[in-house]
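Here is a short note for a colleague who is opening this structure for the first time. Please keep the sequence and the model side by side while reading.

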Amino acid sequence: REGGGGGGGGPPPAPTDVAPPAITEKSSERAMQLARELRKRDARMYGAFWCGHCYDQKQTLGKEAMAQIPYVECDKDGRNSQRALCKEKKVPGYPTWEIDGELYPGEQSLEELENIVSGKGDKS
């Protein structure tokens with residue numbers, strides 16, 4: 001019989017293809033309207049599966065609204081990682097919103113996102 005179970009000692013490899021936690025909040029009508037406006041502006045949210053603020057941001061918008069908005073996973077070990085895109089876009093931290101080609105770092109309230117899409121928001 002040849003060799004055994006392969007590989008020597010050492011720690012197991014870090015998990016890859018890790019999905020972010022599930023969004024449990026239901027979207028309000030306000031969040032759904034905002035999601036429609038964000039889609040018109042080619043908006044996307046950059047984040048990482050382990051990022052608490054990203055999860056809070058998703059919960060603020062809720063499950064149905066976030067289903068309408070592209071989420072870009074930036075951690076190399078995250079599910080559907082697009083790390084190269086995050087580097088290319090120079091995403092400064094998580095979460096970061098890209099709306100109309102502009103980056104807006106940090107968790108945003110519904111009001112802040114509404115101000116951005118209506119043209120009243122501050123550019124970082």
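The points below go through the sheet, the helices, the ring contacts and some backbone details of this predicted model.

1. **The sheet.** Start with the strands. Four of them make an open sheet, and their order is E2-E1-E3-E4. The pairing is mixed. E2 and E4 are the edge strands; each has a single partner strand, so one side of each lacks a neighbour in the sheet. Direction ignored, neighbouring strands are turned by 25 degrees against each other on average.

2. Strand E3 covers residues 96-99, and strand E4 covers residues 102-105. The two run antiparallel and are joined by four bridges. Tryptophan 97 has tyrosine 104 in E4 as its bridge partner. Glutamate 98 stands opposite leucine 103, also in E4. Two residues lie between the strands of this hairpin. Aspartate 100 has a positive phi there, near 55 degrees.

3. **H1 against H5.** Two packed helices are described by the angle between their axes and the distance between the axes. Helix H1 spans residues 29-40 and helix H5 spans residues 110-117. Their axes are 10 Å apart, at an angle of about 35 degrees. The crossing of H1 past H5 is left-handed. On the H1 side, the residues involved are Arg30, Ala31, Leu34, Glu37 and Leu38. They meet Leu110, Glu111, Leu113, Glu114 and Val117 in H5.

4. **H2 and its surroundings.** Which residues of H2 are buried? They are Cys54, Gln57, Lys58, Gln59 and Leu61. These buried residues pack against H1, E1, helix H3 (63-66), E2, E3 and H5. Glycine 62 follows H2, and its phi is positive, near 90 degrees.

5. **The aromatic pair.** How many aromatic pairs does the structure hold? It holds one. Tryptophan 50 and tyrosine 94 form it, edge-to-face, at 5.8 Å centre to centre with 70 degrees between the planes. Tryptophan 50 is in the loop between strand E1 (44-47) and helix H2 (52-61), while tyrosine 94 is in the loop between H4 and E3, so the pair ties together parts that are 44 residues apart in sequence. Are the two partners buried or exposed? Tryptophan 50 has 52% relative accessibility and therefore counts as exposed. Tyrosine 94 has 30% and counts as partly exposed.

6. **A cis peptide bond.** Tyrosine 94 has a further feature. A cis peptide bond joins tyrosine 94 to proline 95, with omega about -10 degrees. Proline 95 lies in the loop between H4 and E3. For background, most peptide bonds are trans.

7. **The E2-H4 loop.** This loop runs between strand E2 (71-73) and helix H4 (83-88), and aspartate 77 lies in it. Why does aspartate 77 count as buried? Buried means under 20% relative accessible area, and aspartate 77 is at 15%. Beyond its neighbours within four places in sequence, aspartate 77 contacts Pro15, Thr16, Asp17, Val18 and Phe49. Glycine 78 is found in this loop too. At 5% relative accessibility, glycine 78 counts as buried. With its neighbours within four places left aside, glycine 78 touches Asp17, Val18, Phe49 and Glu73. The C-alpha atoms of glycine 78 and proline 20 are separated by 7.6 Å, though the two residues are 58 residues apart along the chain.

8. Most residues other than glycine have a negative phi. Aspartate 17 has a positive value, near 60 degrees. Aspartate 17 sits in the segment before H1. At 42% relative accessibility, aspartate 17 counts as partly exposed. Asparagine 80 is another residue to check, with phi near 55 degrees. Asparagine 80 belongs to the loop between E2 and H4. Its relative accessibility is 61%, so asparagine 80 counts as exposed.

Notes
Residues numbered from 1 in each chain as written. Predicted model: local features only at pLDDT ≥ 70, side-chain atom pairs only at ≥ 80, totals over all residues. Heavy atoms only, no water. Pairing = 2+ DSSP bridges. Buried < 20%, exposed > 50% of the residue type's maximum accessible area, 1.4 Å probe, protein only. Contact = heavy atoms within 4.5 Å. Axes fitted to C-alpha atoms, helices over the stretch in contact; angles between N-to-C directions. Phe/Tyr/Trp six-rings, centres within 6.5 Å; stacked < 30°, edge-to-face > 60°. Left-handed = near helix turned anticlockwise from the far one by under 90°.
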